[in-house]
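Hello,

Here is the structure we talked about passing on. Please open it next to this message; my notes follow below.

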Amino acid sequence: QLRDNARFATDFITRLSVQSGFKDVAFVDTVNQSLFSSTGVTVDPDPPIFGFNNAVLPTGTDPIGAASNESRDGNCTAAEGTACANGSDILVMRYQTGSTNTDSALGGLEVDNAMFNCAGVPQSNTPTSSTDVIESILFVGISQTTKEPALMCKYRNNAGTSWAPTTPLVEGVESFQVLYGTDGVVPNTVPVAAAPLGTPPTAGQPDSIPERYLRADQLTVAGNAAATNENWRRVRSLRIGLIIRGAAGSAQDRNAAPAMTPLGPAFAVSTDKQSSFVQTPATGDGRARQVVTFTVYLHNYQGI
């Protein structure tokens, strides 16, 4: 079961996250260059992918409002268990469905249902503007049914007016960590402007190739929302790390509490809470655990 959960989590997160940034051809547009005829373009639209480091998803009508999603390290309570104690991250993805096929014999009212939300439900609503997107959130919480930590989903599709109830996806996930492969981003710094179209990029300018992995908080430029959004639009890949636990009594050595690094030893830093897993109790709890680490390349351009 532990291995099954690991395989499912890897496959599902990969398939879900590669949708990030997909836009209906009718709305593909940037601030400086119109690639297609489009409507509903905003000056500084929300980035297709972003997240929060060491955060707990708040309740309320706006679960991804920046004001309520700062790092919660100092506010962990016993009720949160390992989901909060290990500083799990929040990953937010935005994307659209494809446009209707106006030449279809069925009347041109359908889409191909290829895009789905984090609950696995295909989305069939046609976007009406460039900012009309599907929103899916992955985070760690406690399942109200089993009382086990789990990878959770919360979503709002492009026709909805409110967020759907939280859906548990993978049971036993104690730690969910995300690093962002960035292109031309210096931590917490206003990014260098991209090279003009047709001009080769120079040092510091984005060239579509990620050169460093950063935490979500390192993409923030204090007091500059536009620069922060631009940093997020330069994310080209994701490095995902999970710690998944098995049932009680599943470990061969019930007193073992081995050190675990969900993102790999190279990313284990003593000052970064997310880079290593802290087992509670430290003397072992009789559960088998597995580290799952993988990288996802984002196929869609994130700067639109």
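Which residues is Phe176 in contact with, leaving aside its neighbours within four places in sequence? The list is Ile13, Ser88, Asp89, Leu91, Leu138, Phe139, Val140, Leu151, Ile240, Gly241 and Leu242. Keep in mind that this is a predicted model.

The core

Phe176 belongs to the largest nonpolar core, which has 51 residues. Together with Leu238 and Leu242, Phe176 is among those with the most contacts inside this core. At least two core residues come from each of helix 1, strand 1, strand 2, strand 3, strand 4, strand 6 (173–182), strand 8 (235–248) and strand 9 (287–297). Helix 1 gives the most, with six residues.

Five strands form an open sheet in the order 1-2-3-4-5, and the pairing is antiparallel. Strand 1 (49–52) and strand 5 (167–171) are at the edges. Each has a single partner strand, so one side of each has no neighbour in the sheet. From one strand to the next, the twist averages 25 degrees.

Strand 2 (residues 90–95) pairs with strand 3 (residues 134–142) over five bridges, in the antiparallel sense. Met93 is opposite Ser136 of strand 3. Helix 1 (residues 2–17) lies across strand 2, strand 3, strand 4 (149–156) and strand 5. Helix 1 runs at about 130 degrees to strand 5.

Helix 3

Look next at residues 225–233, which make up helix 3. Buried here are Ala227, Thr228, Asn229, Asn231, Trp232 and Arg233. Their cover includes strand 1, strand 6 and strand 8.

Thr228 has 13% relative accessibility, so it counts as buried. Beyond its neighbours within four places in sequence, Thr228 is in contact with Leu219, Thr220 and Val221.

Asn231 is at 0% relative accessibility and therefore counts as buried. Not counting residues up to four places away in sequence, Asn231 touches Val185, Thr189, Pro191, Leu219 and Val221. Its side chain reaches the backbone oxygen of Leu219 at 3.2 Å. The C-alpha atoms of Asn231 and Val192 are separated by 9.8 Å, and the two residues are 39 residues apart along the chain.

Glu230 is partly exposed, with a relative accessible area of 26%. Arg233 is buried, with a relative accessible area of 8%.

Salt bridges

The count comes to 14 salt bridges. One of them joins Glu148 to Arg287, with the closest N and O atoms 3.2 Å apart. This pair links distant parts of the chain, 139 residues apart. Glu148 sits in the loop between strand 3 and strand 4, while Arg287 is in strand 9. Both Glu148 and Arg287 are buried.

Asp285 and Arg289 also meet through their side chains in a salt bridge, at 2.8 Å from N to O. Asp285 counts as partly exposed at 24% relative accessibility. Arg289 counts as buried at 13%.

Best wishes

Technical notes: Residues numbered from 1 in each chain as written. Predicted model: local features only at pLDDT ≥ 70, side-chain atom pairs only at ≥ 80, totals over all residues. Heavy atoms only, no water. Pairing = 2+ DSSP bridges. Helix = DSSP H or I, 4+ residues; strand = E, 2+ residues; numbered from the N terminus. Axes fitted to C-alpha atoms, helices over the stretch in contact; angles between N-to-C directions. Contact = heavy atoms within 4.5 Å. Buried < 20%, exposed > 50% of the residue type's maximum accessible area, 1.4 Å probe, protein only. Polar contact = N/O pair within 3.5 Å; in protein donor to acceptor, adjacent residues only side chain to side chain. Core = buried A, V, L, I, M, F, W, Y, C linked by side-chain atoms within 4.5 Å. Salt bridge = Lys/Arg side-chain N within 4 Å of Asp/Glu carboxyl O.
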